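My notebook is open and I'm new to this one. I'll jot things down as I look them up.

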Number of protein chains: 2
Amino acid sequence: MSHSTYQRLIHSATKMFAQKGFYGTSIRDIADQLDISKQALLHHFSTKEKLYGEVLKQIAQQVMDRVNHNEQYDSATLQIEAAFERMAQWGLEDLDGARVLMRELLDNPERAPHAINWYLNPLLEAMVAIIKKGQSQGEFKQVAALAFIYNVLGAQHYFMISLPTLKQMLSAKEYKNILKQQSIELKAMMLDRLLVH
Amino acid sequence: MSHSTYQRLIHSATKMFAQKGFYGTSIRDIADQLDISKQALLHHFSTKEKLYGEVLKQIAQQVMDRVNHNEQYDSATLQIEAAFERMAQWGLEDLDGARVLMRELLDNPERAPHAINWYLNPLLEAMVAIIKKGQSQGEFKQVAALAFIYNVLGAQHYFMISLPTLKQMLSAKEYKNILKQQSIELKAMMLDRLLVH
DNA sequence: TACTTTACTTACCGATCGGTAAGTTTGAAT
DNA sequence: ATTCAAACTTACCGATCGGTAAGTAAAGTA
């Protein structure tokens, strides 16, 4: 057995919370997926909320890891491109995480306990910092940095959670096309708006 | 009493589904909000699924209404700007609807019955048509139309559902700023990418 | 006035929920 | 060999879920 039960529970829970949300997922379902009893789960996580909290924590950690190994270029253009690639990559590698975060964004105002943290904040701030640096260097136009980045991040996040629906909505060929084109298109949109011509 | 119980139930249900999702909302809660019994609700909608289906139907109708009164300009630029304004306006006037649709997008692959319809499709197709027209007139660059519009729509939809969280995350001043800047910024991003310079 | 339909109510149901209580098995340390 | 804690199990619980059954009050309609 390569992973601890603890980690396997978090993995199973992440998948199910992504698919059906907090209320739509029962701890029985999560435990059943690993062929252990519900009480085995409750041994590791005393409440459903605590399990959910750990799931969020690990997703946030994965986002942070990507933000942190931040290559330092002199060129703000290269730097924002690199940051964009990391963001796009995150989505493709952690689709479940992206879905859980989107659900958390929807629930945030209602379910109090986690309300204070917005989990993509580090990513947002890192990219805003790059924009502002590029602007002070005269490399970028004077866009409204936060609104600008929020739109870019939003478009990417939205696309990620759309993938399963797009897959069944479009033909195989169309799906393949949009999968290839979306990040290219978003990057171009970002740079066309940002760069002084 | 200005509205029928039927309509008041749909309104109440829309709000609660927006806030807590399908599984997180009980039909008791919805009925309680109008001070009627749960069975009064079940008199109008025989199952929870049917109520939810009607909620979706009315939201889709509101989107369609906006798409349809489509002013015809000769200029594709004016036309895409008008379409963009309508889209942005929709979000501000029907925040609950936007939240329900985002949840539906997340649940879509799991909960079968509504899986076939993607409710923003008409909006998407109308805007794609404008882009292609503008391209054939030489007014727009040769962007990948569907991917392009999907990003714009995604950014807008994402921003809309973020508003409650942003409100409690940012200071009152910052919130006011981003509220003003976001749609301006997104529109600029769209046009900078689209227009031949 | 009698009849029917609409819009409800109270009472009840089995299923499932998250969580408690009380063992049992296992593996490492003394 | 004994102890002890960690990792489970079975049994059970009250609360809440969506939905059924059966009645009632009011409002058209003949």
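**Entry 1: one glutamine.** I started with Gln135(A), where a polar atom of the side chain lies 3.0 Å from the backbone oxygen of Val143(A). I'm calling that a polar contact, meaning a pair of N or O atoms within 3.5 Å; within protein, one must be able to donate a hydrogen and the other to accept it, and residues adjacent in sequence count only if both atoms are side-chain atoms.

Before going on, a note on the ground rules: this is a predicted model, where local features need pLDDT of at least 70, side-chain atom pairs count only at pLDDT 80 or more, and totals for chains, interfaces and linings use all residues. Residues are numbered from 1 along each chain as its sequence is written, chains are lettered from A and ligands numbered from 1 in the order written, and side-chain values use heavy atoms, with hydrogens and water left out.

Back to Gln135(A): I found it in helix α7 of chain A, residues 121-136. Helices here are DSSP runs (H or I, at least four residues), numbered from the N terminus. Is Gln135(A) buried or exposed? Buried, at 12% relative accessible area; the cut-offs are under 20% for buried, over 50% for exposed and partly exposed in between, with a 1.4 Å probe and protein chains only. Leaving out residues up to four places away in sequence, Gln135(A) touches Phe140(A), Lys141(A), Gln142(A) and Val143(A), where contact means heavy atoms within 4.5 Å.

**Entry 2: the DNA.** Next I looked up who sits around DNA strand C. There are 16 residues, and Lys38(A), Gln39(A), Lys48(A), Ser37(B) and Gln39(B) come nearest; "near" means a heavy atom within 4 Å.

- The side chain of Gln39(A) has an N or O atom 2.8 Å from a base oxygen of DNA strand C.
- For Thr5(B), a polar side-chain atom lies 3.1 Å from a phosphate oxygen.

Which helix gives the most to this surface? It's α3(B), with four residues.

**Entry 3: the two copies.** I then compared the chains. A 180 degrees rotation with 0.0 Å of shift along its axis puts chain A on chain B, RMSD 0.0 Å, which is the relation of a two-fold axis. The superposition is by least squares on C-alpha atoms of residues with pLDDT of at least 70 in both. Ala155(A) is the chain A residue closest to that axis, its C-alpha at 2.1 Å.

Key:
Helices (H or I, at least four residues) and strands (E, at least two) are DSSP runs, numbered from the N terminus.
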